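Colleague: Can you walk me through this one? I'd like to start with a helix and go on from there.

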Amino acid sequence: MTKGETQSASAGEGRALPTPGEGKKSQNTVRVISVTSGKGGVGKTNITINLAYLLSKMNKKILVVDADMGLANIDVALGLTPKVNLFHVLDGRKSMQEAMIEGPGGIMILPSASGIQEMSDLSKGQKLTLLDELRSLSREMDFLLIDTAAGIAGNVMYFNMAAQEIIVVASSEPTSLTDAYAIIKVLHQKHAKNRFRLIVNMARDPQEGKEVYQRLNQATDRFLNLHIEYFGYILRDERLPEAVKQQKAFTALYPHSPASKCLASLAEKLCHEQPVGGDPGGIGLFWERIIEKNCG
Ligand SMILES: Nc1ncnc2c1ncn2[C@@H]1O[C@H](COP(=O)(O)OP(=O)(O)OP(=O)(O)O)[C@@H](O)[C@H]1O
Ligand SMILES: [Mg+2]
């Protein structure tokens with residue numbers, strides 16, 4: 001694992017904002033995907049890290065945004081020590097480039113976005129600068145994966161609203177299912193999101209994954225008139241917490257384990273599918289929406 005500190009350029013040094021012409025070029029095909037759940041502790045952070053790692057092994061450029069303000073952050077999970085986070089960027093003290101750290105397989109990580117809370121305090125000029133930075137940054141990316149916190153609190157909703165594709169993670173625990181239903185309901189009814197894909201994590205076997213999906217889909221079908229898609233399952237693996245303890249990506253540590261094979265097949269799907277029915281927009285729109293929602 002490469003343990004990145006900060007990028008070399010100091011704040012604002014030698015960095016020109018993109019010109020309007022460059023802005024046009026930034027209409028790229030980056031896919032903005034949020035990984036979310038109703039209940040906490042179902043595996044979002046691990047799934048995000050490992051999908052990012054596996055996609056980057058397939059030569060995709062990945063930016064992971066840690067949108068969880070809790071303690072189990074991506075940098076902690078990977079043993080990285082960011083000196084700068086989004087708060088400093090929003091504050092104008094550091095550039096986005098400086099805030100990003102490099103994780104396993106060369107994935108780029110934007111550490112905990114706790115500064116998002118402060119967005120309402122930004123001036124219009126600061127917001128535009130931020131947008132320009134993000135636009136130019138995303139030009140090189142294929143995927144932007146957002147690891148959200150659990151639940152239906154404000155920030156989780158903002159990030160899910162802004163994402164083009166939403167992956168909901170649940171386990172077979174009944175509360176995980178009812179909470180997954182709750183987040184889908186809010187996103188669908190209040191924020192007009194219509195496409196959800198489910199990953200069933202910590203499944204005992206493939207059958208359990210299917211059953212969990214069917215139960216959830218029956219509920220959304222019946223009460224929300226909404227069909228959700230089954231993205232797949234990840235087997236429970238007792239060595240996974242071990243990888244967390246070692247602050248490594250599980251799929252890097254145990255690439256041949258059954259759970260890693262499940263993750264690899266999900267990464268393959270993401271890599272090779274044509275994004276369908278997603279919300280159009282790209283990263284520029286993603287951040288515009290976040291800023292809009294936060295600055296109302
Ligand atoms: N497939 C799995 N098999 C066994 N343990 C797992 C599996 N997936 C995740 N875990 C364990 O579950 C715990 C929670 O995982 P993780 O932190 O990724 O969840 P989370 O959804 O991001 O939690 P939070 O809501 O707190 O952010 C970790 O200890 C992790 O090792
Ligand atoms: Mg997490």
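Modeller: This is a predicted model. Helix α2 has 14 residues and spans 20 Å from its first C-alpha to its last, close to the 20 Å expected at 1.5 Å a residue.

Colleague: How many of the residues of α2 are buried?

Modeller: 13 of the 14 are, so α2 is largely enclosed by the rest of the structure.

Colleague: And what comes just after α2?

Modeller: N59, which takes a positive phi of about 70 degrees.

Colleague: Ligand 1 next. Which residues are closest?

Modeller: G40, G43, K44, T45 and N46, out of 21 residues that surround ligand 1. The elements giving two or more residues to that shell are α2 (44-57), β7 (196-203) and α10 (240-245).

Colleague: How does the shell divide into nonpolar, polar and charged?

Modeller: There are 9 nonpolar, 8 polar and 4 charged residues around ligand 1.

Colleague: You mentioned β7. What is the order of the strands in the sheet?

Modeller: The order is β3-β4-β2-β5-β1-β6-β7-β8, an open sheet of 8 strands with mixed pairing. At the edges are β3 (101-102) and β8 (229-235), each of which pairs on one side only.

Colleague: How many bridges join β7 to β8?

Modeller: 5, and the two strands run parallel.

Terms used. Residues numbered from 1 in each chain as written. Chains lettered and ligands numbered in written order. Predicted model: local features only at pLDDT ≥ 70, side-chain atom pairs only at ≥ 80, totals over all residues. Near = placed C-beta within 6 Å. Helix = DSSP H or I, 4+ residues; strand = E, 2+ residues; numbered from the N terminus. Nonpolar A, V, L, I, M, F, W, Y, C, P; charged D, E, K, R; others polar. Expected span 1.5 Å × (residues − 1). Buried ≥ 20, exposed ≤ 12 C-beta atoms within 10 Å, placed from the backbone. Pairing = 2+ DSSP bridges.
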